[in-house]
Amino acid sequence: MKKFALEHVEIDDPRAREAYELFLSVHGADTPASLMDISRAAVRHMEKEGLLPQFDRSGEGGPCRIRVTVDTETGPQPWLLSVGGDIRSLLAARVCVFQAIRVTGSTDPRVSPGKTVPSVTAAGEEIEINRLGVPTGLARRIIHPAYAGGPMEAVMAAGAAPARHIARGAPRPGDAVLLLGGADGSFGTGDNGAPPEEHRLLRLFRKERAARLVKRCAGFVDGWPAGLGGPGGGFRVYLDRVPGRSVFALRGRLAVVVAPEDASSFCLEADKENLSCVMIAELTDENRLTIEPDEGKDSALFHSADDIKAVPVHIKRPSASPRSPWEDSSLSPSERLLLLVSDLNFCSQQGLTELFDASVGAGSVLAPHGGLAGAAPEQVAAALIPAPGSRTASVMSCAFVPDCEDPFGSAVFSVAAGAAKLVAAGCAPQELYLAPGDCFPRSGDGPDLWERSLAAVLGTFWAQMGLSAASCAAAEPAYYSPFPVCFAFAVAPAARILPSHFVRHGGVIHLMEAPLREDGLPDLAGLRAMWERLYGYVLRGAVLSAYACEMGGAAGALAHMSLSGLGVRADPGVYDDGFFTAPRGSIVFESPQALEGERVIGIVQQKPEIRLGNDFIPIDSLYAAWWKPLESVFPTEAPAQDTAVPSLEYIRRAPPPVHLLNARPLAAVPVFPGTTGEYDTAAALEAAGALTETTVIRDMRPDWLDQAADALEKSLRKAQILVLPGGFSDGGPDGAGAFIAAFLRDPRLSDAVRDLLHRRGGLVLGVGDGFSALIRLGLVPYGDVCDTDGDCPALTRNAIGQYRSRYVHTRVSSVLSPWLMRCAPGEIHTVPVSHAEGRFEASGAMLESLVRGGQVAFQYCDVKGNPNMATFINPFGSMLAAEGITSLDGRVLGKMAHPERAGFYVGKNVPGNKQQPVFEGGVRYFR
């Protein structure tokens, strides 16, 4: 790949010239420089100065690893955290990917539906990161005319692994290069990949014994991955072992380097996870790629470091950006607020957010929307680092300033806003990292594109240096973005993470306004000092919630924070002083009392309105204006259903077992292709007191599938509990759960299930896709594996026609099932759902039978416990608002909501009882 050096750089903008001179002072004025050099200059300078001792440089390519200490219930543990712009790079880093955020850009989708992002289908269930089992805690669409040339898509994901899992072995000639996964030549990782295959890779690298065998790991992008090599850097490829007999067919795959004596052991571990693993090459001490058998394809491996092409660039002074309608100061505050909240880059995108699974992994500290009304959008994604008993979270944000006329200022303020969001969430200003969304031009691009790119990269560099915040990853957009999108991340105690909405009646609202220079840029030293002052308040427990100002300044912050359902009474004079103009980097925060020396701008009130002196706007009107603009594009409501829903109550419990089975029951947990909830499920069962045995259903070869059936049968014969976790099982056109049901109809397995239920008094639970499989098998509602037809109940497409992921309220309608031994009739729980085919349907006669027999275990309800058919309450549109159904005797329970996705720090911004004791009830049954 060529490196384009900049020459004859002319800069008319004094701000950009200042940044370029700073770059030359750290890079060297006589050394050729490229955009990539500028992008990496700040972090290289900080490393050289010894300011980044936490960076872990192992000699491998791929994303940087950062050493972090994870606080757990058993004490601190050393872990390595990696952040990258695609899943492939994180898989190559041998980490467990546990968090992601996603930003897309397009023109107005209401008038140009063709300008959409390709990877997002209308239904949403095909979004690959959902199928991989990685929670997306933040999803945002930027809407701007500048995307008329094509949409933009950028993803930032985080992964982590115990430090002991990452080996430091140096590659040597003779080491084996193993191709991992994709035996048929059709699969690739990342956005072009097969998520079930990627999930198997994640499972493989979570095993210490497998991860420690790896010396190097890299993905194939264009040709052979040179980063795999050792001192010589060469390879001998055995073409007859490569799928398609072409090195170009390897794009998107992973290759690992292991010692030759470890190759068979690593392949065995891969086999256990249903992964193909074959040796395709070995390292040599020659700097060449040699292909055998020789077909004239012997070639040099690396380009020369001097392969540089010079590009002249001229940065002109930026012109003024057009003003938005809500910036008209002649309007009243309420009129300006209504215009602001209906702006396409401010209004609700909850329908888009709910296309992404935000709760899988049982580690999402913040739901994407929180507050009493479940509508207040969060500014950051926070997820627990996946150590057992973890109390430490990774926090990620993204920010953008849609200004094509001033890319330098846009970049500076994007960095400031992204970092401010982390500080507002409770992170330490001294421990922030950046991941700019750099998108470099190509050789044929015009001078305007080179000008904008250089200005943006200089702005990002200048902000990094001023804030002492290093860039340790790049979130390269899949398509060019005309203005920068900056990602930022930090690590913080989960207990300290703050929501972005008001939480307490009587809370005092303060504004910390970012200091500016005369040229309009932020005073970065003053901004950092302001953030450190706020962080001091956070450590004292004096901050209840906080919001980093973006569009609309403090007014925009108050509008979004009020979507929790609480109102604001602002001081009369606040409107005249920065109310709509507080710059990015400023922070509005809520405190239990007024803080000395800080500017108070209002009080949180119970009355649902924003009052500014004599002017006011009801929260309902604000919400309607905020919700409406993109509802036709990202719907949140299905067509209205007027069917009244009765509130069911069945209080008879199942009789206790005739004899004590086990003090600690064993639960069999099969892992099917597409299953993503096995770790959460096993952890919940073990926390409840059960033992677990996981069986991976390997289906790559017919003999593997037969072996998997034998292994699962043995597990079922000795278990007391069978749990089918949720995920995205590959049912093809037959729908969710079809493969699971077909597999369990094997006579060996169906007999083992009957033995567990009827002869040994065991229990069965299915969640999500597991619930769908139970219905297909007849285990619910009939209690036995039997033939089903069109008259039987079914789980079908959601009434809204799309995938939905959100928290819901459910009430206990029946305590017949042993799984509900720890629940009381009428009890309300707040639990996440995540599915595309979760709508429960049955005939009228079947519904009457289910109600009469107490087989409707849970119903979707509002916060007061009233069942309802509204999409916000019953997101799938299930008949009777039924969320969970049991067999006739209650031993089999199927449900859509995920009780395993719970934890002390999970969903902190969502009010309600999130601990639904289903697993505790099932284990208690055997004691």
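## A buried glutamate in a loop

Glu-900 is found in the loop that runs between β40 (892-895) and α22 (918-924). The model is a predicted one. Glu-900 is buried but takes part in no salt bridge. The nearest side chain of opposite charge belongs to Arg-901, 4.0 Å away. The side chain of Glu-900 does make a polar contact, at 2.7 Å, with the side chain of His-898.

## Salt bridges

Over the whole structure, a search finds 43 salt bridges. One of them joins Arg-203 to Glu-678, with the closest N and O atoms 2.9 Å apart. This pair links distant parts of the chain, 475 residues apart: Arg-203 belongs to helix α5 (residues 195-205) and Glu-678 to helix α15 (residues 678-688). Arg-203 has a relative accessibility of 9% and therefore counts as buried. Glu-678 is buried as well, with a relative accessible area of 1%.

Another salt bridge is formed by the side chains of Lys-207 and Glu-269, at 3.8 Å from N to O. Lys-207 lies in the loop between α5 and α6 (208-211), and Glu-269 lies in helix α7 (residues 263-272), so the pair ties together parts that are 62 residues apart in sequence. Lys-207 is buried, its relative accessible area being 17%, and Glu-269 is buried with a value of 8%. Salt bridges with shared partners join Arg-203, Lys-207, Arg-209, Glu-269, Lys-272, Glu-273 and Glu-678 into one network.

A further salt bridge connects Arg-839 and Glu-841, whose closest N and O atoms are 3.5 Å apart. Glu-841 has a relative accessible area of 25% and is partly exposed.

## The five-stranded sheet

Five strands form an open sheet in the order β18-β19-β22-β20-β21, and their pairing is mixed. β18 (380-384) and β21 (470-471) stand at the edges, each with a single partner strand, so one side of each has no neighbour in the sheet.

β18 pairs with strand β19 (residues 392-400) in the antiparallel sense, over five bridges. In this pairing, Ala-381 has Met-396 of β19 as its bridge partner.

Elsewhere in the sheet, β20 and β22 run antiparallel and are joined by five bridges. Leu-434 stands opposite Ala-488 of β22.

## Strands β5 and β6

Strand β6 (residues 136-143) is mostly covered, with eight of its eight residues buried. Strand β5 (residues 96-106) runs parallel to β6 and is joined to it by seven bridges. Gly-105 has Ile-142 in β6 as its bridge partner.

## Aromatic pairs

The structure holds 17 aromatic pairs. In one of them, the rings of Phe-23 and Phe-461 have their centres 5.9 Å apart and their planes at 90 degrees, so the pair is edge-to-face.

Tyr-433 lies in strand β20 (residues 432-436) and Phe-489 in strand β22 (residues 485-493), so the pair ties together parts that are 56 residues apart in sequence. Tyr-433 and Phe-489 are both buried.

## Arginines over rings

Two contacts place an arginine over the face of an aromatic ring. Arg-336 lies over Phe-580, at 4.0 Å from the ring centre. Arg-698 lies over Trp-704, at 4.4 Å from the ring centre.

Methods: Residues numbered from 1 in each chain as written. Predicted model: local features only at pLDDT ≥ 70, side-chain atom pairs only at ≥ 80, totals over all residues. Heavy atoms only, no water. Phe/Tyr/Trp six-rings, centres within 6.5 Å; stacked < 30°, edge-to-face > 60°. Helix = DSSP H or I, 4+ residues; strand = E, 2+ residues; numbered from the N terminus. Buried < 20%, exposed > 50% of the residue type's maximum accessible area, 1.4 Å probe, protein only. Lys NZ or Arg CZ within 6 Å of the ring centre and 35° of its normal. Pairing = 2+ DSSP bridges. Lys, Arg positive; Asp, Glu negative; His and termini not counted. Polar contact = N/O pair within 3.5 Å; in protein donor to acceptor, adjacent residues only side chain to side chain.
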